[in-house]
Amino acid sequence: GEKAQAVHRPPRTPTVEVCMSRILPAEWRRVDDPVSGSCYYWNTKTQATSWTVPADASSIEPSCSTAPPSLPPPTLPPPATPPVNMSGVRVHLNANKGAAPSDGQGSPESLMPHRLRAVPFLARNMALISSGMQVVLGIVILLRSEYRDGVDENVPAQTIGDVDLVIVVDSPNGASMCAFCLLSGGLLFGLEAYTFMRKTPLVMPWLWPARALGYFAFALPGFITAHALMPPLLGSVFYLITSLVCALSCFSKKPSGKEWSWHWVSDSKEKKKTEELGGKYEGFAGFLLGAPRKFFVESFEKNLLPRFVFLSLFTLLNLVLFIEAMVRHANSEKGKALRGEAFLLCGTAPCTSGDDPNGIPIPANPLLQDVGTGFWFPIAKGFGQLLNLNCTVMLFPVVRSLIKWLHDITSTNPAWYVAWIPYVIPLDKNIVFHKACAKYFILASVIGHAAAHYLNYSNAPYYHAALGPDTYDPNATYMAWAPKAPGADPLSPGFTGQLLLITMLIIYSGAHE
């Protein structure tokens with residue numbers, strides 16, 4: 001047979017994996033070259049770099065001294081900062097392809113789009129929330145004639161004083177801004193949904209500067225009319241923040257069509273894929289029709305009954321606390337004062353208790369009773385009670401030590417007084433409950449609380465005339481947004497409430513999965 005002839009091959013440069021298997025002295029670090037796939041060595045004390053393995057390294061493997069052809073041997077520019085952490089774990093540098101790393105962190109210009117890759121999704125969520133809130137504000141204006149048409153009320157003498165009184169508050173843009181809020185909110189929500197609910201999502205780069213300019217333009221009317229009409233100002237603030245985030249998205253790594261796709265309803269492609277795999281696809285209509293049967297089946301077959309019981313009890317608790325807070329604040333001295341009923345005055349504000357011995361009795365006010373003010377105040381307080389409850393409760397499911405302790409005391413021979421916990425509280429679904437508190441209970445409470453206060457602020461001219469300037473300002477925008485409006489201690493509740501709404505916008509936009 002033919003003799004096998006040895007084939008001469010040039011020495012192969014050891015790969016990064018080979019170099020990583022060596023044990024180096026403490027002051028040495030390995031750095032991989034993205035061009036050649038090889039590694040070089042860096043001394044953190046002397047800042048020396050070399051393709052050669054340090055002499056005191058523990059290794060009997062082939063040397064790394066052969067320099068990669070893409071770089072001149074034997075030295076490289078010393079890194080300014082360690083490219084690996086102090087535990088020796090290699091850090092992905094994301095350096096530009098075709099160039100050796102010039103520092104330990106990579107070029108800020110090349111890394112910035114990657115670091116901002118989540119910003120487009122934040123912008124999209126902000127846009128959806130802002131446009132939805134704009135629709136809610138339009139409904140608020142629609143419900144209150146004081147916002148739509150202004151106030152022009154003649155108050156005869158002896159009603160709240162000895163002389164005739166005329167209450168006039170102009171709202172020249174009320175009707176047009178009501179239509180603007182409803183139409184712009186619905187239009188922008190639909191356009192945003194159109195970009196990701198399509199079969200082929202829209203991810204063109206020019207959409208981001210267009211979004212930034214569009215939301216900025218839609219924010220202007222609310223700022224222009226804010227002196228006379230309060231509700232659209234919040235929507236304009238939301239739109240302005242959304243515009244800034246969209247502008248920042250112009251510098252980020254743009255999402256692909258697959259990443260941008262977010263189907264809220266079923267599509268034919270998903271149905272076909274499910275049926276090809278042998279499953280039965282269930283659309284939204286089928287889900288609704290089969291929900292009762294599915295509830296009873298899963299309650300026993302999948303042992304989901306404890307979860308349903310717990311959520312039912314928690315919902316009932318929310319309802320009870322809402323009614324309790326609403327009734328309590330409706331019967332408070334402030335609640336009576338806003339409805340025009342007789343109340344006790346302590347200083348310049350209604351007393352906190354009806355039994356206050358220092359309270360001065362104030363007679364009923366026919367003006368407020370005729371107008372029908374004070375209806376929305378206790379409703380806002382009821383939703384505020386739910387916010388207090390749920391914002392506190394949502395923290396407990398993410399306290400790992402508490403969940404672990406409950407698991408421990410209920411898993412093995414539990415005492416009779418804790419044996420019921422696993423059957424009522426689904427400890428294995430603590431994160432699900434944490435998200436449910438935010439998605440359903442807190443979100444609904446925020447919308448209800450804010451909307452009720454906004455509806456109540458429409459009565460500001462009547463409150464000012466009946467209760468005096470120390471209790472209420474006639475301008476609803478000032479009452480809702482001024483830090484030192486009447487009732488400030490040290491900041492007005494309206495101003496802090498607006499800050500919380502803006503905070504909620506950022507939290508909910510960034511927390512979406």
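This is a predicted model: local features need pLDDT of at least 70, side-chain atom pairs count only at pLDDT 80 or more; totals for chains, interfaces and linings use all residues.
A pocket is here an open set of grid points with protein on both sides within 12 Å along at least five of seven lines, and its lining residues are those with an atom within 4 Å of a point. The space in the second largest pocket amounts to about 860 Å³, and its lining comprises 21 nonpolar, 5 polar and 3 charged residues. Because domain 1 (115–251) and domain 2 (319–340 + 368–512) both give residues to the lining of the second largest pocket, this pocket lies between them.

The largest pocket has a volume of about 1,200 Å³. Its lining is made up of 40 residues, and those closest to the centre are Lys-334, Phe-377, Lys-381, His-453 and Pro-493. Two or more lining residues of the largest pocket come from each of α11 (305–330), α12 (333–339), β7 (349–350), α14 (376–393), α17 (430–457) and α20 (493–511), with α20 providing the largest share, namely 8 residues. In terms of residue class, the lining of the largest pocket divides into 18 nonpolar, 17 polar and 5 charged residues.

Notes: Residues are numbered from 1 along each chain as its sequence is written. Side-chain values use heavy atoms; hydrogens and water are left out. On a 1 Å grid over the protein atoms alone, a cavity is a set of points where a 1.4 Å probe fits but cannot get out, and a pocket is an open set with protein on both sides within 12 Å along at least five of seven lines; lining residues have an atom within 4 Å of a point. Grid points are joined across faces, edges and corners, and a volume is the space filled by probe spheres set on the points. Helices (H or I, at least four residues) and strands (E, at least two) are DSSP runs, numbered from the N terminus. Ala, Val, Leu, Ile, Met, Phe, Trp, Tyr, Cys and Pro count as nonpolar, Asp, Glu, Lys and Arg as charged, and the others, Gly among them, as polar. Domain bounds come from an automatic or database domain assignment.
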